[in-house]
Amino acid sequence: MMQSVARFRFPSILSIVGLTGLLLVGLMLAWLAHDRPLAPQVAHGWLRADLLSALTLLLLAGYGLAAVVVSQADHWRTAVVAWCYGMAALTGHLALIAALVIVGVALQPAALAQRRLALASALATAGGLVLIGVMSGEWLYAAPGAGAGLVGGSLVLLLVGTVLASKAQPHLLFAMACYALLRTFSLGPWALQWLFVALVTGAALALWASWHATVAARALLPGWVQLVMAGFVLVGAGLGAGAGVVMASYVLLIGPLVLLARRPSFPLPNWPLLVLVWMAVAAAVAARLTVLAILLGLSGFLLVLALARWAVPPLRSAHVGRAGQGLALVGAVGAPLFVGTLAGPLVAQLQAGLSPYGELVASPWTGLLVVYNAEKEYVASLPVFVLVALGMVLAAAGWLILRVWAKFWPDRDDAWLPLSAAERGPGDDVDRAVCPTGIDMNRSTDKPKVPDL
């Protein structure tokens with residue numbers, strides 16, 4: 001059953017204040033660490049922060065605030081877990097990062113099945129970090145010899161931890177697992193075979209999840225969309241280049257919008273998704289991986305169809321939905337600003353572990369994104385304002401196609417979703433139960449509802 005927007009009580013207000021404080025810390029750190037990482041000498045490497053740390057703090061705050069909006073309980077736990085993971089992103093000691101990841105999972109509010117997946121993800125992520133320290137003999141990731149720990153076992157554990165975190169659905173854990181995965185580029189380059197493993201795994205996950213998103217019930221769409229996002233993150237890491245890291249960072253940036261999309265009245269706009277798909281395809285083309293570019297484009301097309309089926313008429317949009325649509329538009333139009341001010345310098349700080357096969361640069365104030373290959377040859381460019389207009393046309397076309405589909409194949413309609421206030425009749429005092437056959441369990445008739453064109 002879908003969750004409703006939380007009513008803000010005193011614990012919720014305290015959680016919002018705490019998460020807003022974390023957001024401000026992330027913004028301040030992004031300004032202070034823009035040129036070089038912060039590493040106080042008195043801390044002897046235990047405290048260390050760079051732009052990847054700042055991005056992680058911003059993501060944790062964003063995911064936390066979105067969770068407070070759509071959930072009804074455990075707001076204080078969300079704030080505590082966000083700060084716990086934030087401290088992990090501000091330390092340079094691998095063992096301490098691993099310990100804080102496990103502590104955060106112990107505090108994470110989740111159902112039993114999700115908790116088991118979350119614990120498995122945390123153990124895999126923590127195990128990968130610990131194995132790096134054991135194999136290299138260095139526990140500070142900024143140490144010159146820490147790159148010797150980038151062996152197959154540690155990278156596999158980190159990849160598994162990222163996939164499990166996306167499946168378990170604790171979004172804060174997913175942000176932390178992605179931080180641990182991208183942090184490995186601070187240590188040095190990956191071996192070529194493990195880049196290939198990440199590419200294959202990410203492309204397969206994105207394609208598989210996007211297909212399921214097109215045929216799944218709308219109530220299950222947030223989970224499938226999250227898996228698609230995880231696939232794109234793995235592809236970005238597997239490219240092992242600046243363009244891939246920028247793409248993965250942008251995936252994480254628009255991730256909180258997926259959490260807001262749990263509201264049935266909020267159709268996640270296609271604009272940030274189209275920018276993401278363009279980034280992914282352009283990065284694959286810059287790396288001369290044409291097959292990968294085709295697969296990522298197909299995955300993005302399927303996800304656009306899924307989100308078009310998610311959409312509802314504008315008159316049924318709630319205040320949270322309208323705010324989410326505005327944030328999504330800002331996320332798309334502001335993509336060049338994000339690349340130019342945060343993602344670009346972040347890539348420069350991780351450059352020791354990245355290859356030159358793909359570079360994504362931006363002209364922030366003109367709204368232009370440009371991709372170059374290893375020879376600094378022009379590959380593709382994108383004016384995001386043109387893409388916003390194109391996204392509106394594609395969204396309208398997809399919505400119309402799927403409405404016609406529902407008319408001729410009514411069994412594909414998600415008639416078992418909870419009724420909105422406008423749809424409730426005098427006898428509809430409770431929501432419709434979730435039923436995979438599309439039959440309304442709370443009405444006297446078993447005839448599925450067919451939408452009107």
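In this predicted model, Arg288 is placed in the loop between helix H12 (271-286) and helix H13 (290-310). The phi of Arg288 lies near 60°, a positive value in a residue other than glycine. As background, most residues other than glycine have a negative phi.

Strand S1 (residues 359-363) pairs with strand S2 (residues 368-372) in the antiparallel sense, the pairing running over five bridges, and Ser363 has Leu368 of S2 as its bridge partner. Four residues stand between the strands of this hairpin, in which Gly367 takes a positive phi near 75°. S2 pairs in turn with strand S3 (residues 378-383), again in the antiparallel sense and over five bridges, with Tyr378 in S3 as the bridge partner of Tyr372. The hairpin of S2 and S3 has five residues between the strands, and here Lys376 is the residue that takes a positive phi, near 60°.

The largest nonpolar core contains 130 residues, of which Trp190, Met279 and Leu369 touch the most other members. When neighbours within four places in sequence are left aside, Met279 is in contact with Met247, Tyr250, Ala335, Val339, Leu360 and Leu369. Tyr250, one of these contacts of Met279, counts as buried because its relative accessibility is 0%, against a cut-off of under 20%.

The aromatic residues were examined as ring pairs, and a search of the whole structure finds three such pairs. In one of them, the rings of Trp208 and Trp224 have centres 5.2 Å apart and planes at 80°, so the pair is classed as edge-to-face. This pair links distant parts of the chain, with Trp208 in helix H8 (residues 192-215) and Trp224 in helix H9 (residues 221-239), 16 residues apart. With a relative accessibility of 42%, Trp208 counts as partly exposed, whereas Trp224, with a relative accessible area of 15%, is buried. For Tyr250 and Phe338, the ring centres are 6.3 Å apart and the planes stand at 50°, so this pair is tilted. Distant parts of the chain are linked here as well, Tyr250 lying in helix H10 (residues 242-253) and Phe338 in helix H15 (residues 335-349), 88 residues apart. Phe338 has a relative accessibility of 9% and therefore counts as buried, as does Tyr250 at 0%.

Helix H4 (residues 94-107) comprises 14 residues and reaches 20 Å from its first C-alpha to its last, close to the 20 Å expected at 1.5 Å a residue. The buried residues of H4 are Leu94, Ile97, Ala98, Leu100, Val101, Gly104 and Val105. These residues cover an arc of only 165° around the axis, which puts them on the same side of H4. For helix H7 (residues 171-183), the 13 residues should span 18 Å at 1.5 Å a residue, and the end C-alpha atoms are 18 Å apart, which agrees with that expectation. H7 is mostly covered, since 13 of its 13 residues are buried.

Key
Residues are numbered from 1 along each chain as its sequence is written. This is a predicted model: local features need pLDDT of at least 70, side-chain atom pairs count only at pLDDT 80 or more; totals for chains, interfaces and linings use all residues. Side-chain values use heavy atoms; hydrogens and water are left out. Two strands pair if DSSP finds at least two bridges between them. Helices (H or I, at least four residues) and strands (E, at least two) are DSSP runs, numbered from the N terminus. A nonpolar core is a set of buried Ala, Val, Leu, Ile, Met, Phe, Trp, Tyr and Cys residues joined through side-chain atoms within 4.5 Å. Buried means under 20% relative accessible area, exposed over 50%, partly exposed in between (1.4 Å probe, protein chains only). Contact means heavy atoms within 4.5 Å. The expected span of a helix is 1.5 Å times one less than its number of residues. The arc is that of the directions from the helix axis to the C-beta atoms. Rings of Phe, Tyr and Trp (its six-membered ring) pair if their centres lie within 6.5 Å; planes under 30 degrees apart count as stacked, over 60 as edge-to-face and the rest as tilted.
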